[in-house]
Amino acid sequence: MEFNGVNFDTYFKNYPNEEGFFGKYGGAYVSPELKKAMEEIAEAYFTICKSAKFIAELRRIRKDFQGRPTPISHLERLSNKLGNVQIYVKREDLNHTGAHKLNHCMGEALLAKYMGKKKVIAETGAGQHGVALATAAAYFGLECDIYMGSVDIKKQAPNVARMKILGANVIEVTEGLQTLKEAVDAAFAAYVREYKDAIYCIGSVLGPHPFPMMVRDFQSVVGIEAREQFVGMTGELPDAVVACVGGGSNAMGIFSGFLNDPVDIYGVEPLGRGEKLGDHAASLKYGEEGIMHGFNSIMLKGEDGEPAPVYSVASGLDYPSSGPEHAFLHDLGRVKYDVVNDEETIDAFFELSRLEGIIPAIESAHAVAYAIKLAKKMGKGSILVNLSGRGDKDMDYIIEKYGIR
Ligand SMILES: *Cc1c(COP(=O)(O)O)cnc(C)c1O
């Protein structure tokens, strides 16, 4: 299928290019030392990911350890309530550890093992990436250093406990505002020091090349499974596919199964409290081109040109940019990016729980909220939503802040 001059039959071969660019977005804007380390990872990945042994081992892990394939569920009661559009969800909440993040963490840690590394390094904000990576490290017997700001360590006590139980070292970062940005800097610095024995593992389709490509490839299992399952269940393709976009890994996972199909694709960004800068994290909708954290993409900038402060009720979505491939698909028009706010999200959180017996992660509830709006607009047809994770981690916060609705 061709779309605005891009041939999607050969898309995954051509995007990104050798230097990691999706059009003008992506690349590796890092120090020479870090660039060398990234090139080593890219070279190893290109060799190893074609090896039958690596592919077979990853397949076995997905089935026997992660519990894949995750099912697709038809949301019959919700669909009936809304009218004639049938809504389906891909159940990444049933992936081991309760979200899609383990899909790329297991791939990254397996790559570390094949490269002969002894340690994985990462930063974490809300702790979800740290927990997924600590799980993968435990599985493979790798050391795991997770850098986390002091403020986040205090806020995310249950995830800190999980990481420690899984055997990870949680390293407190006391610089600056003591949150995600400082943790990223500390983790990069540690990686430059230790790159002979360690590999850096990014938590989304972000960062310098080859990470946006690698993480997409590892997440594409979601889209490949979902396409086959959906056609098996209904005999046809969905009319629309919807996913929430923070960095954009769960979205790239499911989108990659449908980019070459006549299917409308929607990425949902968090509008938070409203349209004012600082009240949301809708980078693709309101942002502009810029470089941060080692890659060129569309980002929210403050007056000083630095990444702007962002907000969302979902801590997994409050990032001032999105992966470079999303910026590319945005400009191309192949994927439409739209927003839902906190209120709509909380309503959808309770709606899905009450009508279907599925408590979604508050990130995933953004995608559900958008599907509810879209269903009313479409009037007929079908929508497939990527339910990126389960909501156990969010229950206390939602009850405290919003009460039972
Ligand atoms: C981290 C997280 C997200 C956001 O990350 P993406 O890379 O945008 O997918 C979404 N949903 C859940 C459940 C998460 O844990």
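This is a predicted model: local features need pLDDT of at least 70, side-chain atom pairs count only at pLDDT 80 or more; totals for chains, interfaces and linings use all residues.
# A walk through the structure, starting at the ligand

Residues are numbered from 1 along each chain as its sequence is written, and side-chain values use heavy atoms, with hydrogens and water left out.

A polar side-chain atom of Ser-204 lies 2.6 Å from an oxygen atom of the ligand, and an N or O atom in the side chain of Ser-388 is 2.7 Å from a ligand nitrogen atom. The protein buries 97% of the 380 Å² that the ligand exposes when taken alone. Such areas come from the Shrake-Rupley method with a 1.4 Å probe; for residues, only the protein chains shown count as cover.

There are 16 residues around the ligand, and Lys-101, Ser-204, Gly-248, Ser-249 and Ser-388 come nearest; a residue belongs to this group if one of its heavy atoms lies within 4 Å of the ligand. The shell holds four nonpolar, 10 polar and two charged residues. Here Ala, Val, Leu, Ile, Met, Phe, Trp, Tyr, Cys and Pro count as nonpolar, Asp, Glu, Lys and Arg as charged, and the others, Gly among them, as polar.

Setting aside neighbours within four places in sequence, Ser-364 is in contact with Cys-244, Leu-387, Ser-388 and Gly-389, where contact means heavy atoms within 4.5 Å. Ser-364 lies in helix H15, residues 362-378, and is buried, because its relative accessible area is 0%. Buried means under 20% relative accessible area, exposed over 50%, and partly exposed in between, with a 1.4 Å probe and protein chains only.

Now step back to the whole protein, which has 16 helices and 16 strands. These are DSSP runs numbered from the N terminus: helices are H or I with at least four residues, strands E with at least two. Buried residues make up 59% of the 405 residues. The C-alpha trace spans about 60 × 45 × 45 Å along its principal axes.

Next, look at Tyr-402 in helix H16, residues 395-402. Its relative accessibility is 17%, so Tyr-402 counts as buried. Not counting residues up to four places away in sequence, Tyr-402 touches Val-313, Asp-342, Glu-343 and Ile-346. Glu-343 is 59 residues away along the chain, yet the two C-alpha atoms are separated by 9.6 Å.

Finally, visit some loops. A cis peptide bond, with omega about 0 degrees, joins Tyr-15 and Pro-16, and Pro-16 lies in the loop between helix H1 (11-14) and strand S3 (21-22). Another cis peptide bond joins His-209 and Pro-210, with omega about 15 degrees. Asn-4 is not a glycine, although its phi is positive, at about 45 degrees. Asn-4 sits in the loop between strand S1 (2-3) and strand S2 (6-7) and is exposed, with a relative accessible area of 61%.

Key. A polar contact is a pair of N or O atoms within 3.5 Å; within protein, one must be able to donate a hydrogen and the other to accept it, and residues adjacent in sequence count only if both atoms are side-chain atoms.
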